[in-house]
Amino acid sequence: MSDDDLDLGEAADYILSERPGLGEVAVWGVLTELGEPPAPGQEGLALQLLASARPDVRAKDARRILREWQAYARIARADD
């Protein structure tokens, strides 16, 4: 694991604390499917991938999860 790798468990905890209405299964589905948050401007591609790979995750939830995951990544990388 490199210094730039984000901990998925910490990311999931952050997302679920920021958005308690999201389901844990949906959050983990998005995190494990993508492995890392999409780069700025790549959210559309990530959502397309999720729509085909994880149809159980609603598009609205996927967008929220991606936004919170990107926020977590900014915070985690700033703390390093």
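In these legends, contact means heavy atoms within 4.5 Å. Welcome to a predicted model, in which local features need pLDDT of at least 70, side-chain atom pairs count only at pLDDT 80 or more, and totals for chains, interfaces and linings use all residues. Residues are numbered from 1 along each chain as its sequence is written, and side-chain values use heavy atoms, with hydrogens and water left out.

View 1. Let us start with arginine 54, in the loop between H3 and H4; helices here are DSSP runs (H or I, at least four residues), numbered from the N terminus. Arginine 54 counts as buried because its relative accessibility is 19%, and buried means under 20% relative accessible area, exposed over 50%, and partly exposed in between, with a 1.4 Å probe and protein chains only. Leaving out residues up to four places away in sequence, arginine 54 touches Val25, Gly29, Glu33 and Leu49. Its side chain also makes a polar contact of 3.0 Å with the side chain of aspartate 56. A polar contact is a pair of N or O atoms within 3.5 Å; within protein, one must be able to donate a hydrogen and the other to accept it, and residues adjacent in sequence count only if both atoms are side-chain atoms.

View 2. Beyond its neighbours within four places in sequence, valine 30 is in contact with Leu50, Val57, Ile65, Leu66 and Trp69.

**View 3. Helix H2 and its partners.** The buried residues of H2 are Ala26, Val27, Gly29, Val30, Leu31 and Leu34, and they pack against H1, H3 and H4. Where H2 meets H4, Ala26, Val27, Val30, Leu31 and Leu34 face Ile65, Leu66 and Trp69 in contact. After H2 comes glycine 35, with a positive phi near 80°.

**View 4. Glycine 21 in its loop.** Here we look at the loop between H1 and H2, where glycine 21 is found. Glycine 21 counts as exposed because its relative accessibility is 80%. Glycine 21 and aspartate 61 are 40 residues apart in sequence, and their C-alpha atoms are 9.4 Å apart in space.

Methods. Helices (H or I, at least four residues) and strands (E, at least two) are DSSP runs, numbered from the N terminus.
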